[in-house]
Amino acid sequence: MSSEAFAALRPETCIDPRTLTRDVARASVPIDLSSCVPARLSVRTAGPGRLVIPPLGTVRVDAAAVDLEQLRVAQDAGVLAVSSVKPTPMGVGAVWAMLCAAVVVLATAIGLAVTVTDIGAVPLVAGVIVALILTGCAVWAVPALAPLKEACLQLPARLREALVFGLAAMIVFALPGAILYFGSNVPHLWHEAQRDHDYAVALIGVGVKFVCVVGASALPVLLYFIFDRERMLTLRQRVTRNIFRLDPRVRTLREIDAKYGQWLDEAFGREPSETRFLPGTRWPILVATAVLTLGWAIALLDTDAADPHKHVELASLIAPAPSAATFAFLGAYFFTLNSTLRGFVRGDLRPKTYAQIATRIVGSVVLAFTIERLLRGVGMEQTSASLLLFAFLAGVVPETVLIRLQEASRGFVRGRAARRQIDHASRTYEPEPLTRLQGIDIYDRARLLDEGVTNVEGLAHHDVVELLLKTRIPATRLVDWVDQAILFIHCTDGENGAGSSAYHHLRVHGIRTATDLRRAYAEAKDKDAFLRIVPSPQGTPPVLTVILDAIEEENWIDNLTHWNAKPAQVTIKVPEGLAAG
């Protein structure tokens, strides 16, 4: 589906067949016929035979090859869009080259004019500014310069990315550079290194630490600026196809625009665009850069490398300080590397990802301080291997560490009432994390947490279309997770978990989603035997009957059933199939 197919959602950008005269139709004017429905369109041509347009696809033909007046019914019904062919927009690289060349030419012309003539520099610069304003107005007003206008519209996004990259690089280099320069007295080392070899070695050690801090701090942030982003138009096409498959109540692009158009515009822009930059703020990237750089500076920078009287090995220069806070930062950094790498491969690195990175690092360090004070209170040393390992795990999986802390604290108290109070006070972890579902790991869980989905119940009742818009998780996997979540919340109890619940019995029989359960029950030959898969207490209705009734009331169950249904191959004849409507 091309950009003109999306432009068909706005009538002012389309051709009205009734306005085309016979003379224009006889000319070889290229037009695009775009299907606006998830069905094949068989269009009657001016001659023998028919033209087939794939679902949500576009075919370019000459205006003389089709009877445009006969296509008016299809366009009014919203199943077909007749669009003019837009010229290929000029590349952004070419616009950059033209702007740079124009700046060089203008600067040279002003310099020559000031040198040769008696005109002052101020009048010349004012004249150049007026000329640039008039040129910009011409680019925006003259239709022949429309490709240049479309390419220029992408420049602000690129300038914004370049500015953020420059600020991030400044943070990465300036913060550790300032700490080393003033803390290690680099000017003194540089002066003495010319006469004393020990000072030269110390200066090399400072340089090694600086390179390590800069490299480690810049790597996660650099991945954001170098990964290959998909075009906004491509992403919008993909989401639109998934919405057709997920929502049985929308049948045309016009209906999708009416129901989800605001979300689509917020996510991908109002007008169809080939740009690769998502809208939104870039401040989280700078915040994460500062946190990462400061963390590595605390972990690696010390004064030993700057002491010419201490001969340290090269490997010891990059060894982190043995403290709980440092190892918690290393654990969070380990998680950050894996998370950003997955986003890099999936094409899902967003500024919001770096907000999660910054908060995770700070939260892990705070948790490490708490653990350190707790374990030192029971006699454990600050540099104990167990404490450092516990702090590292607090950075990778903080909620698991919180659970272990609760279990450890329960072992130090006596009495059932005191243990209940500890359980109530320490309930800071999520009893039904998303990792309970098949196929979700800690990195997928973190990505869903960015969108406000914190547990299984939240996923079951979140807006699936919103998740399709805001994440790059493949739609099939995302829908499957929601399907699992609906079955999970109806089959498990919050205290004992899945191991002793109906969910466990269904999984043993290969039933893993709510739609699986509905389909298996509908196709079962002996329904009474099927209901006995899950044991039921005597004198109570079958558990599976209650679960099935509860699932029927879920908001997304009809959408999930429509998604899993095999789509029918529908062909609509235009205009015959629409003449009656």
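Of the 581 residues of the protein chain, 42% count as buried, where buried means under 20% relative accessible area, exposed over 50% and partly exposed in between, with a 1.4 Å probe and protein chains only. This is a predicted model, in which local features need pLDDT of at least 70 and side-chain atom pairs count only at pLDDT 80 or more, whereas totals for chains, interfaces and linings use all residues. Residues are numbered from 1 along each chain as its sequence is written, and side-chain values use heavy atoms, with hydrogens and water left out. The protein chain has 28 helices and 6 strands, taken as DSSP runs (H or I of at least four residues for helices, E of at least two for strands) and numbered from the N terminus. Among its contacts between residues at least 6 apart in sequence, 71% join residues at least 24 apart, contact being heavy atoms within 4.5 Å.

- Helix H16 (residues 385-396), with 12 residues, reaches 17 Å from its first C-alpha to its last, close to the 16 Å expected at 1.5 Å a residue, and its buried residues include Leu 387, Leu 388 and Ala 391.

- An open sheet is formed by 3 strands in the order S4-S1-S5, with antiparallel pairing, where two strands pair if DSSP finds at least two bridges between them.
- The edge strands of this sheet are S4 (58-62) and S5 (80-84), each of which pairs on one side only.
- Strand S1 (residues 30-35) is joined to S4 by 5 bridges, and Pro 30 has Asp 62 as its bridge partner in S4.
- Strand S2 (residues 40-44) runs parallel to strand S6 (residues 571-574), to which 4 bridges join it, with Lys 573 as the bridge partner of Ser 42.
- S2 is also joined by 4 bridges to the antiparallel strand S3 (residues 50-53), and in their hairpin, which has 5 residues between the strands, Gly 49 takes a positive phi near 90 degrees.
- Leu 56, in the loop between S3 and S4, has a positive phi near 55 degrees although this residue is not glycine, and Leu 56 is buried, with a relative accessible area of 3%.

**Nonpolar cores**

- The largest nonpolar core has 60 residues, and those with the most contacts inside it are Leu 459, Leu 487, Leu 506, Leu 517 and Leu 544; such a core is a set of buried Ala, Val, Leu, Ile, Met, Phe, Trp, Tyr and Cys residues joined through side-chain atoms within 4.5 Å.
- Helix H22 (residues 475-491) gives the most to this core, with 10 residues.
- Leaving aside neighbours within four places in sequence, Leu 487 is in contact with residues including Tyr 503, Leu 506, Arg 512, Leu 517 and Ile 551.
- A second, separate core of 29 residues includes Val 164, Ile 285, Leu 286 and Ala 288.

Definitions and conventions. The expected span of a helix is 1.5 Å times one less than its number of residues.
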